[in-house]
There are 2 protein chains.
Amino acid sequence: MSNNKLQTLKGFRDFLPQKMTIRNEVIKRLRGVFEKYGFEELQTPSLEYQEVLLGKYGEEAEKLMYLFKDQGGRDVGMKYDLTVPLARVASSYPELPIPFKRYQIQPVWRAENTQKGRYREFYQCDVDTIGSSSPMVDAEIIAVVDESLRVLGFTNYKIKVNSRDVLFAIMEKASIPKNNWLKAIQSIDKLDKKSQDEVKKELIDKKFSAREVKNLFEFLKSAKPDDFLQKTIDLAKKLGVTKNLVFDSNLARGLDYYTGPIFESVVNEPKIGSITGGGRYDNLLKTLGAPDLPATGTTIGLDRVCDVIEELNLWPNLSSTSVKTLVTIFSPETFSQSVELAKILREVNINTELYPEDSAKLEKQLKYADKKGIPYVIILGPEELKNKKIQLKNLKTNGQIETTIENAISLIK
Amino acid sequence: MSNNKLQTLKGFRDFLPQKMTIRNEVIKRLRGVFEKYGFEELQTPSLEYQEVLLGKYGEEAEKLMYLFKDQGGRDVGMKYDLTVPLARVASSYPELPIPFKRYQIQPVWRAENTQKGRYREFYQCDVDTIGSSSPMVDAEIIAVVDESLRVLGFTNYKIKVNSRDVLFAIMEKASIPKNNWLKAIQSIDKLDKKSQDEVKKELIDKKFSAREVKNLFEFLKSAKPDDFLQKTIDLAKKLGVTKNLVFDSNLARGLDYYTGPIFESVVNEPKIGSITGGGRYDNLLKTLGAPDLPATGTTIGLDRVCDVIEELNLWPNLSSTSVKTLVTIFSPETFSQSVELAKILREVNINTELYPEDSAKLEKQLKYADKKGIPYVIILGPEELKNKKIQLKNLKTNGQIETTIENAISLIK
């Protein structure tokens, strides 16, 4: 019989159990950090009205959105990011305590070109504070990013900070007309991937004058944090962000809505580019039709983080399965005792799988455990039953010992 | 300014932070049980090809599915349950170790009539084993249900079991033609909500003869578990399911694909009907176009469980926020010391929110903490700084003490 009918949808992917152990561990550690800093979890629906989704972005984004009519004839769409739903929540619940510090870890959907290795469903992990203009809340976002990277095991990274206000002041000084500022910013943003000459050429191609470009780069080089950014940096240091925080006047971030400090973190090794990015966006909520609240926050690229940890085997001790031990069935005669043994192991909170068939060859059961990456296998045959012992096999070292149940429990734990 | 633009989509809902503390705790406890029994997590995409989704259900279900064309012209849809994706996974990965024991906690979408208080996006939580015909795996599903209900704090519940084979044998004995069996089963399934007389009338209306109906109820009354179900029950008992397991020949379950044992659990108090349901479905995967593997499993109604726990305040000690303490800012002069204090509390893993503004009235800050349900508030004024003490306020008891940081830490913990 043909199985061709059942295909995974193009651009989408499953997370089989061996991927879930990493994802769950990453999420658990990140949640721990977010909550330690006083952020609380929010979840919003997958679908929103189209008019809510389309408020923020231009045509480019609209092309990537999954938009359709529901059964009631409503124009709906699958969420494209977590910022628009946050604005909608701020609007729907005027009674929310302000400042509202939330984190959100949920999938979003974009009909991206899959040639680039991008998936059309991916998890965003956002941490934002709305309702405060204090540099303190920007500093906290930076501290959260720093501690998140540390708890994930990254050591060689930089958190780059800059401010849109610093960039705007430079533009003004370089006599660039206001309506061209964003165009210039989008080119400056490429300085981490392209050479200065390439970016200069791009600006010339965009009809910036040679003088403007020369001034721009000169002022970028000598730029300093403004007052607000300096306060943010000082407070972040006070919160414990010391060695990895750098001011980088070339950091620009592409999105048009940032208004103050902007942040981005890059891991030096491996070369995967930025893994977090964010900044202050004081006007966005109002623009979207939500209450006029200042806001700041960051995104952490959850799928990217998981992929990197997996590809580079950064967590060599993390098992590919949540199962700790397989209790095998030696023969139909010992089946009942193996069931009892599984019960005992579960009672002491050892994740235990019991092989369900009573007449499978032991070799087949061992292969099954090996394939799944289960670290321990227990064998309980007539000999062991007589001696009130069990055989404990460690599939990593291939060692096997005859021991008591009590001892096996402490070895497995 | 009008906020009318930003509405939550009809039939959908947000989970604000105060709902998330319950949800996260429920999911954490359930995961713990599933993994203890050797089930591993699987996640599948929200979207599937329509031909995959439409394989299992009739027109009734199709009407409730969110189906549309994607940007590439593909006919796609949002997943309607977690069973079809499981079949697709079994088909997509022939290399999966068998038996494959997986749990899956993800949203599904159904354009239900919202008048009934149903949401169009809700979480399903499924636990299934595919690839084994052993009654052992059915018994494990029952044990997982039992332990799940216990760890959630339910005490007064029943796990009802029956078998489609038992029901089929009754039909045969009652001389009901095979093509009417499912019709009869769908009526029997209503016996927990309707009286016997009502169900008898329904069967007569469905053109069953008076003699068939009489025989049917007589045989239902005297029915006993068949061999397979008895083995399942005995093994479940061996796994520790003792007092809440009952054989109930009236349990029928509506879905047409069950083949052997069927299970359902009902909480006696409050009257919310069944909160888990499942059974063996040995032919379904093959029917869907997946490999021909036997299977058994259960669904746990996650949203319903959360709603009940919340409505009945079953977990009175669970905080409505993950934040443990708010460090207030007494005045701009003490701001810096409050920041340091927040850092210290976070270092010892106390979830700490720092009020971000340095000139808000203390009263306002206390109201904020109270509104969010934060249990502790710390005040650090010039007096306390001089004495190297802090004020610790317990918002539940309204008690306030002056104490050292070390003592405050141990009190909060």
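This is a predicted model: local features need pLDDT of at least 70, side-chain atom pairs count only at pLDDT 80 or more; totals for chains, interfaces and linings use all residues.
**Two chains and the interface between them**

In this structure 103 residues of chain B are in contact with 103 residues of chain A.

Let me begin with the interface itself. The size of an interface is often given as the accessible area lost when the parts come together. Here chain B and chain A bury about 8,900 Å² between them, and 57% of that area is on carbon and sulfur atoms. As for the residues that take part, 100% of the interface residues of chain B are also interface residues in chain A, so the copies meet through the same surface.

If we now ask which element gives the most to the side of chain B that touches chain A, the reply is helix α1 of chain B, residues 17–36, which contributes seven residues. Sorted by class, that side of chain B has 48 nonpolar residues, 25 polar ones and 30 charged ones.

Next, the symmetry. Two copies of a chain are related by a rotation about an axis and a shift along it. For this pair, chain B can be laid on chain A by a turn of 180° with a shift of 0.0 Å along the axis, and the RMSD is 0.0 Å. The two copies are thus related as by a two-fold rotation axis. Which residue of chain B comes closest to that axis? It is F68(B), whose C-alpha lies at 3.3 Å from the axis.

That residue returns when we turn to the aromatic rings, of which the structure holds 15 pairs over all chains. In one of these, the rings of F68(A) and F68(B) have their centres 4.2 Å apart and their planes at 5°, an angle under 30 degrees, so the pair is stacked. F68(A) lies in strand β3 of chain A and F68(B) in strand β3 of chain B, residues 67–69 in each case, so the pair joins two chains.

Finally, some points of backbone geometry. A cis peptide bond, with omega about 5°, joins I98(A) and P99(A), and P99(A) sits in the loop between α4 (83–92) and β5 (100–109) of chain A. In chain B the peptide bond from I98(B) to P99(B) is likewise cis, with omega near 5°, and P99(B) lies in the loop between α4 (83–92) and β5 (100–109) of chain B. Lastly, S175(A), although not a glycine, has a positive phi of about 55°, and S175(A) is found in the loop between α6 (164–173) and α7 (181–188) of chain A.

Terms used:
Residues are numbered from 1 along each chain as its sequence is written. Chains are lettered from A and ligands numbered from 1 in the order in which they are written. Side-chain values use heavy atoms; hydrogens and water are left out. Contact means heavy atoms within 4.5 Å. Buried area is the accessible area (1.4 Å probe) that two parts lose on being put together, summed over both. Helices (H or I, at least four residues) and strands (E, at least two) are DSSP runs, numbered from the N terminus. Ala, Val, Leu, Ile, Met, Phe, Trp, Tyr, Cys and Pro count as nonpolar, Asp, Glu, Lys and Arg as charged, and the others, Gly among them, as polar. Copies are superposed by least squares on the C-alpha atoms of residues with pLDDT of at least 70 in both. Rings of Phe, Tyr and Trp (its six-membered ring) pair if their centres lie within 6.5 Å; planes under 30 degrees apart count as stacked, over 60 as edge-to-face and the rest as tilted.
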